[in-house]
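Look at the model below and follow the explanation from one residue to the next.

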Amino acid sequence: MFGKLFGRGGDGPEADPHALPAPRRGNGVHRLRALGDRRVLALVEAADTGDWEGVKEALAPFDLGRDHQVLGQLTDIDGLQDWIGRAVEEDKEHRALALLISGARHIAWGWEARTAARAVHVTQEQWRVFRERLQIAERQLLEAAELRPDWITPWRQLLTSARGMSLGSAIAETRRDAGLRRDPLDAEIHLEWLSQLQPRWGGEPGEALEFARAAFAAAPDGHRLGCVVAMAYIEEWVESDDGACLQQPRIRTELRQAAERSILHHAYERRLGWQGDYNIFAMALSLAGSSTASNVFRELEGAYTEWPWTYMSEPQKAYARFRKAF
């Protein structure tokens with residue numbers, strides 16, 4: 001069971017030796033911890049205690065310049081910003097790595113100050129702190145990208161800071177293109193650009209879905225870019241005043257076909273953090289009322305990731321409710 005849930009698809013004879021056991025819950029639902037991986041948990045624990053040497057040691061199996069999911073585990077650690085600056089200044093050999101982690105954390109820390117409220121409800125003091133933290137992130141991430149021109153993760157982060165600071169479409173497009181030159185099929189760059197295209201950030205209605213369809217059409221079968229289509233529909237639901245806006249036969253068909261050609265395709269690779277892809281489809285298919293959601297929930301075996309369920313009140317309960325319904 002755990003090999004299938006946390007490993008590479010469960011086709012091998014042995015379970016993934018790095019898999020964390022799923023905690024027992026009465027309703028069978030559990031939040032995915034540290035991407036379900038013991039090595040990632042060791043990384044998070046080292047960062048949580050301010051152990052820079054431990055962080056570097058734990059990062060040995062990973063390429064943080066390309067692994068958005070592992071970097072994301074670090075950016076959410078409260079207090080990391082209090083000590084990572086010392087690593088930036090003192091560890092010249094690993095300066096780019098420290099800059100990347102610090103810059104990404106400052107973006108998340110900035111958004112914590114801003115909150116997820118609509119812009120009209122954000123106070124002037126919140127805006128001030130938000131911008132200060134994002135300005136630090138900008139400087140650090142641009143330097144990290146200069147030091148390591150092969151890295152893609154700084155460009156995804158810089159897309160987020162550009163949106164938060166309203167730097168304009170020209171800068172955002174330059175950063176998007178910089179990321180896609182390094183990997184034209186990088187799903188996180190596409191997902192971040194999808195956010196940029198939302199009407200609440202200045203995009204036109206339907207623009208994001210058109211972008212998502214074109215991106216997935218250019219991807220091979222089994223590629224996780226299908227998640228961009230699913231996320232585009234979730235974003236449409238977020239933007240709409242109609243909670244049932246996705247419950248249309250054509251949308252159910254498109255989402256089912258996207259799932260079958262991406263996460264449910266035999267060529268799909270269950271890399272570290274694959275449960276996040278499945279959660280995106282689980283939410284989109286559930287909102288559309290598609291029976292394919294049952295296939296996705298079954299493969300997840302109760303593993304819940306906060307994104308994208310945070311768009312709902314009481315996200316984990318919403319996941320459990322939809323899981324039970326299908």
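Glu299 counts as buried because its relative accessibility is 15%, where buried means under 20% relative accessible area, exposed over 50% and partly exposed in between (1.4 Å probe, protein chains only). This is a predicted model, in which local features need pLDDT of at least 70, side-chain atom pairs count only at pLDDT 80 or more, and totals for chains, interfaces and linings use all residues. Residues are numbered from 1 along each chain as its sequence is written, and side-chain values use heavy atoms, with hydrogens and water left out.

Glu299 sits in helix 15 (residues 292-300); helices (H or I, at least four residues) and strands (E, at least two) are DSSP runs, numbered from the N terminus. The side chain of Glu299 makes a polar contact of 2.5 Å with that of Arg270. A polar contact is a pair of N or O atoms within 3.5 Å; within protein, one must be able to donate a hydrogen and the other to accept it, and residues adjacent in sequence count only if both atoms are side-chain atoms.

Asp16 lies in the loop between helix 1 (2-6) and strand 1 (30-31). With a relative accessible area of 22%, Asp16 is partly exposed. A polar atom of the Asp16 side chain is 2.9 Å from the backbone nitrogen of His18. Asp37 is 21 residues from Asp16 in sequence, and their C-alpha atoms are 9.1 Å apart in space.

Now turn to a pair of helices. Ala172, Glu173, Arg176, Gly179 and Leu180 of helix 9 meet Ile189, His190, Trp193 and Gln196 of helix 10, where contact means heavy atoms within 4.5 Å.
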